[in-house]
Amino acid sequence: MSLLIRNARVIDPASGLDGQRTILIDNGRITALAEASAAFAADETLDAKGLWVFPGLVDLAACLREPGLDHKATLASETFAAASSGITTLCYQPEPKANFDNAAQVKLICDLNRRSHYANVEIIGNLTKGLQGEHLSNMASLKRAGCVGVSNGQQPFHSLQTLRRAMEYAATHDLTVFIYPVEHALAAGGFMHEGEVSARLGLPAIPSAAETVAVAQTLALASHTGAKVHFCRLSARMSVRLIRQAKASGLDITADVAAHQLFLTDMDVSDFNPLCHVMPPLRADRDRDALREGLADGTIDAICSDHQPHEVDAKLAPFQQTAPGISALETLLPLTLRLVEDGVLSLPEALRKVTDSPAHIINNEAGHLSVGAPADLVLFDPSALWELDLNHMHSDGRNSPFGGWNFNGAVKRTLLAGKTVFSV
Amino acid sequence: MLHAHLSPGPLPSRMQLTKDGKLKHFLTIEGLPPLLLEEILDRAEQFVTLPNKQQKKAPLLRGKTVMNLFFENSTRTRVTFEIAAQRLGADVTNLDIRTSSASKGESLLDTVRNLEAMNADMFVVRHEHAGAAHFIARYCAPHISVLNAGDGRHSHPTQAMLDMFTIRQKKGSFQPLKVAIVGDVLHSRVARSQIHALTTLATGEVRVIAPKTLIPAGIEKMGVNVFHHMEQGIADVDVVIMLRLQRERMQTALLPSEREFFKLYGLTEERMKLAKPDAIVMHPGPINRGVEIDSRVADGPQSVILEQVTNGIAVRMAVMSMIMGPQGGTA
């Protein structure tokens, strides 16, 4: 079954392509990417006049909840939500109740996902057994089972020695270590950023130093062990500075930021809005500005959703008693494109932060459009205007602080290996 | 709408007023207009002048039901709310939630729904978590008012207003005053509410005095001057408010010892000499003699600590009647 897409503006940040092209897809892959005038025969032809075509998004961080937490969401519900917003590959982030110690658990997810298959799910395996921070996981067999990296999620390490050994062992097997930089002793018991808003609200707070201390320690260990480290979910200004310096000195590291950190600050918590309860916490204006600068100058490589769907009750309590996290798959692309409107990034740069860059971090062949590449792509209508209505989200989790926000441009169709997995 | 309750509600400060500017809930001092704070003080004045002997009751709330919901233990505060409501002719029910539903795993919202069904008109809420009173006010039935009797470290608005009442009683107006708040500001909801009240009432200068470990980062944005040395901070002030220091603070590396704290920040007769000669000494209670305050000061001529307690009832009557009385926010 072949498919021809005509008359689209094709944007491929990896190659720098931005122009009218004709795309031929056969057998799940792109078989031709030619001038607009080129003629091909295909089983189906799609006239994409007025639409943009760009690679399907690669999201480095989503909690998919199944198995174990399927009262919050399921693999099928969340991958469909991903497809509906142009995400074709997402990384399953390990969390305490859903993580990957062995190949069988990895295989279970792959089998589960094959049933619905709205998006590719890549697995980040455990760095330590059960994320307990004490014993090394079976990293080699996790890698053989297909894990794209290893991480301890947001769980603490027993000691820096454990972290050091884990990094060395991961480096032995050429596995990227995904580190959430947080010094738990400084963050423990906190619920929001320590600053003027927490002073006013009296909410126990987490200082920026809880993150930057961990960034500094991890950088020292990355340099010592030679492990390839990816820093997850930066939130603080000083972290950006430390990583910028480390990159300049030649350290092989990458970093990402959650899209919401680029738009919200601790001021958004000032009415105790539990939808703005996230970890790491929303920080001050100047942190948000520094994160944006870090994106623009390449210090931060990727933008991710940090998707954490919750059932309604999880957010129906006084702030401290609510579960942290945002249902964020459906706002990853809209918020990324808003960075273009805000003048932070050019359109290709912005798209690169959610396609080619994250794909590189997990050594994935997706994330770009070229002959031979998987036909994971998005048909996007730049003229559509819409408002995020929490009642109409595709995710089982409707916990988004962006309800009521207006966005320019909408996904019309998402292709995964040439197959339409979403269309309107 | 299925998920209407997920949209962020209005700011607490706006939520507590009706459209025509009357008090509907009393959750925080922050954002309330100065005139409204003065109205509370004026009204409390009327209740305080009711002679202590005969005619104690002013049955403005006859037929109303007030429920004291104390998720955190506090006999003293609860009793003053109880007396205030009774003097206004309301029926009062006390619920010690720790010993009932919440300890059986019932969610806060379910507890509230159940109590609503018992025809309450007002919930007086004390809870260990910041924002709990705001949360209840957002989700309870529209005819119910919520009076915050302390939520986490966030707010304790009636305590702050009784302190303002006491200051006004002794000093007249706020503009020329220098007020110092001394001690554990970090953990104190009372201090936060006092700061909002004092700045709203245009107090000349508000100071906080404590070591850095007990001052929350960013507090100066609330309009206070921060001092780390008692002698500098207390110099020339008209009002000294001492905060209670909890023993736990020594266990969590915030302070080395009670003795050192008293040495550096304890209010002694010696130190009181640095303040204005007619300065008054306040404390929200219960006091720790020899930890934050010397007995000679606590019981001395400048202390108004017991008057604060008496005024607490009048101020709570004022707030309750402004919400539920004739021409009140829910009248």
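These legends walk through a few close-up views of a predicted model. Local features need pLDDT of at least 70 and side-chain atom pairs count only at pLDDT 80 or more, while totals for chains, interfaces and linings use all residues. Residues are numbered from 1 along each chain as its sequence is written, and chains are lettered from A in the order in which they are written.

**View 1. The two domains of chain A.** Chain A splits into domain 1 (2-53 + 373-423) and domain 2 (56-361), with bounds from an automatic or database domain assignment. Their centres, taken over C-alpha atoms, sit 26 Å apart. Here 26 residues of domain 1 are in contact with 39 residues of domain 2; contact means that the C-beta atoms, placed from the backbone, lie within 7 Å. On the domain 1 side, the largest share, five residues, comes from strand 17 of chain A (strands are DSSP runs of E, at least two residues, and helices are runs of H or I, at least four, numbered from the N terminus). That side has 15 nonpolar, seven polar and four charged residues, where Ala, Val, Leu, Ile, Met, Phe, Trp, Tyr, Cys and Pro count as nonpolar, Asp, Glu, Lys and Arg as charged, and the others, Gly among them, as polar.

**View 2. Where chain B meets chain A.** On chain B, 30 residues are in contact with 27 residues of chain A. Helix 4 (108-116), helix 5 (132-139) and helix 7 (189-200) of chain B each supply at least two residues of the side touching chain A. Helix 5 gives the most, with three. By class, this side of chain B holds 15 nonpolar, 11 polar and four charged residues.

**View 3. A look at E194(A).** You'll find E194(A) in the loop between strand 11 (192-193) and helix 6 (196-201) of chain A. E194(A) is buried because 25 other C-beta atoms lie within 10 Å; the cut-off for buried is 20 or more, with 12 or fewer for exposed and partly exposed in between. Leaving aside neighbours within four places in sequence, E194(A) is in contact with A205(A), I206(A), P207(A) and, over on chain B, A217(B).

**View 4. Inside the largest nonpolar core.** This core has 234 residues, and V53(A), F123(B), V182(B) and V240(B) touch the most other members. Helix 13 (residues 305-324) of chain B brings the largest share, 10 residues. A nonpolar core is a set of buried Ala, Val, Leu, Ile, Met, Phe, Trp, Tyr and Cys residues joined through C-beta atoms within 7 Å. Not counting residues up to four places away in sequence, F123(B) touches M67(B), L69(B), I136(B), C140(B), I144(B) and V146(B).

Key:
Contact = placed C-beta atoms within 7 Å.
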